[in-house]
Amino acid sequence: MPEVTAPYAPGTPCWVDLAAPDQQAAIDFYSGLLGWTGQIGPPETGGYAVCELDGKPVAGIMAAVPMGGQPAPPTVWTTYLAASDADATAQAIGSAGGTVLMPVMDVMTLGRMCIAADPAGAVFGIWQAVDFPGAGIVNENGAVIWNELNTTGREAAAPFYQQALGIQAEPMEGAEGYFALSVQGRPVGGMQAMPEGVPEDTPSHWLTYFSVADTDETVAKVQEAGGAALKPPFDMVAGRMAVVTDPQGAPFAVITPKPMNQG
């Protein structure tokens, strides 16, 4: 179902957000590209912008600034995985060989979160919903449709995500070398070895896919706005996709899904 009103099952990608050096420019770019509305939030939330699509929360955009003595975060999209207990999940992440980079903290009455990295260094967030379940709309044009782990350490990643978050990795039919990440028997994301053609120093990472009506047209808009195509539009098993960077350098993917993969 495209609209989401209930909390996500633990282990399911439930939210994405972007840290951008120029927050307003990022809000303007994604609003123009994907049809979002958003504005810089109040000071008590650090200005965090909850962007909306059709009146429902779809993604967050924050300013990439140094916090708590830490350097400014990189300009990337972060995938958040749902948890019923953020503290227990953070402990499980450490026990399974991961690293908690930002300890569990309360986000007002919205929920509890932490930032972690898997054994290969791919960074992700954990979200324990209280008042805010996460994305209120998915799998529709302009919204997140897929979250994918590109990893230099697939052999270590699969047991890590299963032990820490209960996510199962299984080979995906019809896609050699690609693994479906499943929660309670339902695919919620994907995993693959680092794709060919990416720079050799590219770290393991989670990649966010947004659904669009026309991949080629969307990539043209990205380039016109000052972004770049890392992997120009191509046809694959799930539809026509491309990997791009926004004008500030944040990578993401866009896909026009085949009808059977939509919804």
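Colleague: How many aromatic pairs does a search of the whole structure find?
Modeller: Keep in mind that this is a predicted model. Ring pairs link Phe29, Tyr30, Trp36, Trp77, Phe210 and Phe252 into a cluster. Searching the whole structure, the number of aromatic pairs comes to 14.

Colleague: Is the pair of tyrosine 30 and tryptophan 77 stacked or edge-to-face?
Modeller: The ring centres of tyrosine 30 and tryptophan 77 are 5.2 Å apart. Planes over 60 degrees apart count as edge-to-face. Here the planes stand at 90°, so the pair is edge-to-face.

Colleague: Which parts of the chain does that pair link?
Modeller: The two residues sit 47 residues apart, and the pair links distant parts of the chain. Tyrosine 30 is buried with a relative accessible area of 0%, and tryptophan 77 is buried too, at 4%. Tyrosine 30 belongs to helix α1 (residues 23-34), and tryptophan 77 to strand β4 (residues 77-82).

Colleague: And tryptophan 36 with phenylalanine 210, how many residues apart are they?
Modeller: Their rings form an edge-to-face pair, 5.6 Å centre to centre with 70° between the planes. Both residues are buried. Tryptophan 36 is in the loop between α1 and β2 (49-53), while phenylalanine 210 is in strand β12 (residues 205-211), which puts the two residues apart by 174.

Colleague: Moving to helix α2 (residues 86-95), where do the buried residues lie around the axis?
Modeller: The buried residues of α2 are Ala86, Thr89, Ala90 and Ile93. They span an arc of only 100° around the axis, so they are on the same side of α2.

Colleague: What do those buried residues of α2 pack against?
Modeller: Gln91 and Ser95 are exposed, on the face of α2 turned away from the buried side. The buried residues, for their part, pack against β5, β6, β7 (123-129) and α3 (154-165).

Colleague: What goes on at the start of α2, and which residue with a positive phi follows the helix?
Modeller: At the start of α2, a side-chain oxygen of aspartate 85 comes to within 3.0 Å of the backbone nitrogen of aspartate 87. After α2, with a positive phi near 105°, comes glycine 97.

Colleague: Last one: which side chain has a polar contact with that of threonine 109?
Modeller: Threonine 109 is in the loop between β5 (99-107) and β6 (111-117). Leaving out neighbours within four places in sequence, threonine 109 contacts Val130 and Asp131. At 2.7 Å, the polar contact of the threonine 109 side chain is with that of aspartate 131.

Methods
Residues are numbered from 1 along each chain as its sequence is written. This is a predicted model: local features need pLDDT of at least 70, side-chain atom pairs count only at pLDDT 80 or more; totals for chains, interfaces and linings use all residues. Side-chain values use heavy atoms; hydrogens and water are left out. Helices (H or I, at least four residues) and strands (E, at least two) are DSSP runs, numbered from the N terminus. Contact means heavy atoms within 4.5 Å. A polar contact is a pair of N or O atoms within 3.5 Å; within protein, one must be able to donate a hydrogen and the other to accept it, and residues adjacent in sequence count only if both atoms are side-chain atoms. Buried means under 20% relative accessible area, exposed over 50%, partly exposed in between (1.4 Å probe, protein chains only). The arc is that of the directions from the helix axis to the C-beta atoms. Rings of Phe, Tyr and Trp (its six-membered ring) pair if their centres lie within 6.5 Å; planes under 30 degrees apart count as stacked, over 60 as edge-to-face and the rest as tilted.
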